[in-house]
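Hi there,

Here is the model I promised to pass on.

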Amino acid sequence: MLSLLAVGVLAALYWLAFWMPRGTWFQLYDREFETVILEVPAGPGDKLSLEIEHSAEFIPWFEFYTVTEDLQFNLDAIAVGGYGAGVPAGMEVPHRIENGLVWMEEINTLWPELKWLTSDTYMKGLTLNGEEIFDFRTLPNGSKIRGSIITKRGFFS
C-alpha cells in the first residue's frame, strides 16, 4: 500500500513539474544567439501591434494582429502614412483614410510565427493589448528575431 502511495505521489510531482498546463505566452526569440529576449502571457483573442517607419519614405507603418485559437497570428489590418513603395497594392480589402494614415482592413492573413530582421532605426514598438511590451530599437541592428505563441507546461518548461 505504501509503495502504491509513493508511486502516486511521484506521478503527481512529475505531472506538476513537466505537464501541468501553465498557459500560453508570447515569446520573442533571438534566432542567431538562441536566446529568449521577451516572454509575456498571451493567448487567443489578444491583440499585437507593431510600429515601424518605412525605410525609404520615412512614413509611419503599423501592423495589427490577433492571436487565433490555434495560436497563430492573424494580420487584421495595416495603417500606413501613404501609398508609397512596399505598401500592398490591389488588395481587395476595405480601405479608408483617417488621421493621415491609409488603413487596409480585413486582411485576414495567417502567420504561424512572425520573423524580423530588425532595424535599430526603423523598427519601433511592439504592443500587446494596447500596452507597449518591447522596443526593437534596444536590439543591435540586424537582429534575427522570431515572435511566436508558445504553450508552457509544468514548472520546469
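A residue counts as buried here when its relative accessible area is under 20%, as exposed when it is over 50%, and as partly exposed in between (1.4 Å probe, protein chains only). At 6% relative accessibility, serine 143 therefore falls in the buried class.

Before I go on, a word on the source. This is a predicted model, in which local features need pLDDT of at least 70 and side-chain atom pairs count only at pLDDT 80 or more, while totals for chains, interfaces and linings use all residues. Residues are numbered from 1 along each chain as its sequence is written, and side-chain values use heavy atoms, with hydrogens and water left out.

Now the overall picture. The chain has 1 helix and 11 strands (DSSP runs numbered from the N terminus: helices are H or I with at least four residues, strands E with at least two). Of its 157 residues, 41% are buried. The accessible surface is about 9,200 Å², with 60% of that belonging to carbon and sulfur atoms (Shrake-Rupley method, 1.4 Å probe; for residues, only the protein chains shown count as cover).

An open, antiparallel sheet is built from 7 strands in the order 6-7-5-4-3-9-10; two strands pair if DSSP finds at least two bridges between them. Strand 6 (95-98) and strand 10 are the edges, each with a single partner strand, so one side of each has no neighbour in the sheet. Strand 6 is joined to strand 7 (residues 101-111) by 4 bridges, and isoleucine 97 has valine 102 in strand 7 as its bridge partner.

Back to serine 143, which sits in the loop between strand 10 (131-135) and strand 11 (144-153). A polar atom of its side chain lies 2.7 Å from the backbone oxygen of proline 140. Leaving out residues up to four places away in sequence, serine 143 touches Trp116, Leu117 and Thr118 (contact means heavy atoms within 4.5 Å).

Which loop holds glutamine 72? Glutamine 72 lies between strand 4 (60-67) and strand 5 (73-80), and is buried at a relative accessible area of 19%.

Best wishes

Conventions:
A polar contact is a pair of N or O atoms within 3.5 Å; within protein, one must be able to donate a hydrogen and the other to accept it, and residues adjacent in sequence count only if both atoms are side-chain atoms.
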